[in-house]
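User: I would like to learn how to read surface features from a model. Could you take me through them step by step?

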Amino acid sequence: MIPIDNGRMFKANFTYEIEKDPLGLDIDNVMGIDLGVNNFATVVTTEGTPFYCGREIS
């Protein structure tokens with residue numbers, strides 16, 4: 001507990017640990033998104049060719 005405002009209020013911090021469940025992701029399928037300077041975004045996947053989102057930025 002941390003006193004605030006000369007002890008008129010207190011701040012409490014709680015920390016706990018949890019076990020994470022595995023997500024079961026397919027690591028063979030990946031997507032990368034590059035926020036660009038000339039284009040809004042370029043998207044590349046392991047499934048196909050890259051494509052651009054948005055128009056060219058001037």
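User: In which strand is the place of Met31?

Analyst: Strands are DSSP runs of E with at least two residues, numbered from the N terminus, and Met31 has its place in strand 3. This is a predicted model, in which local features need pLDDT of at least 70 and side-chain atom pairs count only at pLDDT 80 or more, while totals for chains, interfaces and linings use all residues. Residues are numbered from 1 along each chain as its sequence is written, and side-chain values use heavy atoms, with hydrogens and water left out.

User: Is Met31 buried or exposed?

Analyst: Buried means under 20% relative accessible area, exposed over 50%, and partly exposed in between, with a 1.4 Å probe and protein chains only. Met31 is exposed, at a relative accessible area of 53%.

User: Which residues form the nonpolar patch on the surface?

Analyst: Such a patch joins nonpolar side chains (Val, Leu, Ile, Met, Phe, Trp, Tyr) within 5 Å, from residues with over 30% relative accessible area and no salt bridge. Here the patch is formed by Met31, Ile33, Leu35 and Phe40, which together have about 490 Å² of accessible area, by the Shrake-Rupley method. Strand 3 (residues 31-35) gives the largest share, 3 residues.

User: Which side chains meet in a salt bridge?

Analyst: Side chains of opposite charge can pair when their charged atoms come close. A salt bridge requires a side-chain nitrogen of Lys or Arg within 4 Å of a carboxyl oxygen of Asp or Glu. The whole structure has 1 salt bridge, and in a salt bridge Arg8 meets Asp5 at 3.6 Å, N to O. Arg8 is exposed, at 70% relative accessible area, whereas Asp5 is partly exposed, at 39%.

Definitions and conventions:
Patches are made of residues with over 30% relative accessible area and no salt bridge: like charges are joined within 9 Å, nonpolar side chains (Val, Leu, Ile, Met, Phe, Trp, Tyr) within 5 Å. Accessible areas come from the Shrake-Rupley method with a 1.4 Å probe; for residues, only the protein chains shown count as cover. Helices (H or I, at least four residues) and strands (E, at least two) are DSSP runs, numbered from the N terminus.
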